[in-house]
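Please find below a short note for a colleague who is meeting this structure for the first time.

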Amino acid sequence: MPIEKNQVVLFHYSVSDEQGNVVEDSRGGEPNAYLHGHGGIIRGLEEALQGRDAGESFTVTVTPDKGYGPRKDDAIQRVPIKHLMGAKRWKPGMIAQVQTEQGPRHVLVAKVGHKFADVDTNHPMAGRTLTFDIEIIDVRPADAEEIAHGHVHGPGGHH
């Protein structure tokens with residue numbers, strides 16, 4: 001069954017940066033599940049999965065314009081340390097979670113003061129050309145509720 005809109009896709013992946021360093025790998029855990037055609041993964045990866053079948057493995061390189069976007073130099077914000085979630089003591093280079101109007105968001109701690117921290121709100125992979133090694137595990141039609149909600153339910157999904 002070729003991947004097309006409104007199908008649930010389960011896949012394993014590893015992501016490498018421009019130097020070939022693996023920065024993320026799903027193998028050893030549950031496969032990633034997403035509803036194809038609903039923007040649940042980056043555009044370059046969704047485009048590369050379109051039309052492929054379960055059992056296929058492939059590699060695709062995604063540039064920032066179809067990935068996590070360009071880095072924005074003005075993305076540093078000063079926030080009270082008490083709003084950072086994920087650790088008790090913060091150091092530059094750590095990833096924190098903050099609550100925003102759009103929901104929770106990960107930020108990179110750039111500088112830590114006594115009561116405030118400067119955080120970089122760029123996605124950690126923004127501005128990077130990434131290479132994905134993909135193994136498609138399963139493809140199935142989404143049910144009506146998944147399509148209505150815009151995401152996968154059950155294993156690897158929500159609810």
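1. In this predicted model, the C-alpha centres of domain 1 and domain 2 are 29 Å apart. Domain 1 comprises residues 2-68 together with 126-149, while domain 2 spans residues 76-120.

2. An unreviewed UniProt entry carries the annotation "domain: PPIase FKBP-type", which covers residues 6-80. Over this range, 39% of the chain is strand and 9% is helix.

3. Two aromatic pairs occur in the structure. In one of them, the ring centres of Phe-11 and Tyr-13 lie 5.9 Å apart with the planes at 50°, so this pair is classed as tilted. In the other, the rings of Phe-11 and Tyr-34 have centres 5.8 Å apart and planes at 85°, so the arrangement is edge-to-face. The latter pair connects distant parts of the chain, since Phe-11 belongs to strand 1 and Tyr-34 to strand 3 (residues 32-35), 23 residues apart.

4. Phe-11, Tyr-13 and Tyr-34 together make up one aromatic cluster. Phe-11 is buried because its relative accessibility is 1%. Tyr-34 is likewise buried, at 3%, and Tyr-13 counts as buried at 16%, the cut-off being under 20%.

5. Ser-14 is found in strand 1 (residues 7-16). With a relative accessibility of 8%, Ser-14 counts as buried. Leaving aside residues up to four places away in sequence, Ser-14 is in contact with Val-22, Glu-24, Asp-25, Arg-27, Thr-131, Phe-132 and Asp-133.

6. A further point concerns a charge and a ring: Arg-52 sits over the face of Phe-58, 3.7 Å from the ring centre.

Key:
Residues numbered from 1 in each chain as written. Predicted model: local features only at pLDDT ≥ 70, side-chain atom pairs only at ≥ 80, totals over all residues. Heavy atoms only, no water. Domains from an automatic or database assignment. UniProt positions renumbered as here; feature names shortened; annotations may be inferred. Helix = DSSP H or I, 4+ residues; strand = E, 2+ residues; numbered from the N terminus. Buried < 20%, exposed > 50% of the residue type's maximum accessible area, 1.4 Å probe, protein only. Contact = heavy atoms within 4.5 Å. Phe/Tyr/Trp six-rings, centres within 6.5 Å; stacked < 30°, edge-to-face > 60°. Lys NZ or Arg CZ within 6 Å of the ring centre and 35° of its normal.
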